[in-house]
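Here is a friendly walk through a protein fold. Have a look at the picture below, and then read on.

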Amino acid sequence: MKDKFIIIVDDERVISTIMRLQLKKHCPTFHIEVAESGEEALEVIEELVDEGKKLHAVITDWLMPGMKGDLLLSEVSKNYKCSKKIIVSGQADGEAIKRAFDDYGLDKFFPKPWPEDELITTINS
């Protein structure tokens, strides 16, 4: 049973599908979840943590309807232990990304399209 999980958060289904396939191929020891919004991600995280699973990584887009990626990471930082926090975005506010590094423990920012090998290395490091 996979006791650690990664959640991918992106409102573009094609992006989360591609990333999920990459992670399943290169990180088979992790359970992979997908959410289309920050709010949905928090619900999924809470449910899985309540089931005893450990949050290993949050990979989120920055620009999404409702809660932006940096605010999602803020909520995750306040409420959960998480090993890796990653933003993958084609449109991101520089100040928000800086704040995510400084205040919310962002480990890595990748522009879209992301370098698959570097994403996998970040997850596994």
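This is a predicted model: local features need pLDDT of at least 70, side-chain atom pairs count only at pLDDT 80 or more; totals for chains, interfaces and linings use all residues.

Residues are numbered from 1 along each chain as its sequence is written, and side-chain values use heavy atoms, with hydrogens and water left out.

**The sheet**

Let's start with the strands. Five of them make an open sheet in the order β2-β1-β3-β4-β5, with parallel pairing. Strands here are DSSP runs of E with at least two residues, helices are runs of H or I with at least four, and both are numbered from the N terminus. Two strands pair if DSSP finds at least two bridges between them. Because β2 (31–35) and β5 each have a single partner strand, they stand at the edges, and one side of each has no neighbour in the sheet. On average, neighbouring strands are turned by 20 degrees against each other, direction ignored.

Strand β3 (residues 54–60) has 6 of its 7 residues buried, where buried means under 20% relative accessible area, exposed over 50% and partly exposed in between, with a 1.4 Å probe and protein chains only. Its two pairings look like this:

| Pair | Bridges | Opposite residues |
|---|---|---|
| β1 (residues 4–9) and β3, parallel | 6 bridges | Ile6 and Ala57 |
| β3 and β4 (residues 84–89), parallel | 4 bridges | Thr60 and Ile87 |

**Helices on the sheet**

Helix α2 (residues 38–50) lies across β1, β2 and β3, and runs at about 170 degrees to β1. Angles run from 0 to 180 degrees between N-to-C directions, and axes are lines fitted to C-alpha atoms, for helices over the stretch in contact. Helix α3 (residues 69–79) packs on the sheet too, touching β1, β3 and β4, and its direction makes about 165 degrees with that of β3. Contact means heavy atoms within 4.5 Å. The buried residues of α3 include Leu72, Leu73 and Val76. Their cover includes β1, α2, β3, β4 and α4 (94–104).

How do α1 and α5 pack? Helix α1 (residues 13–26) meets helix α5 (residues 116–124) at an angle of about 55 degrees, with the axes 11 Å apart. That makes α1 oblique to α5; angles under 35 degrees count as roughly parallel, over 145 as roughly antiparallel, 65 to 115 as roughly perpendicular, and the rest as oblique. From α1 come Met19, Gln22, Leu23 and His26, and they meet Glu116, Leu119, Ile120, Ile123 and Asn124 of α5. Those residues divide into 5 nonpolar, 3 polar and 1 charged. Ala, Val, Leu, Ile, Met, Phe, Trp, Tyr, Cys and Pro count as nonpolar, Asp, Glu, Lys and Arg as charged, and the others, Gly among them, as polar.

**Two local details**

Leu21 also lies in α1, and is exposed, with a relative accessible area of 57%. Finally, Lys112 and Pro113 are joined by a cis peptide bond, with omega about -5 degrees. Most peptide bonds are trans. Pro113 is found in the loop between β5 (108–111) and α5.
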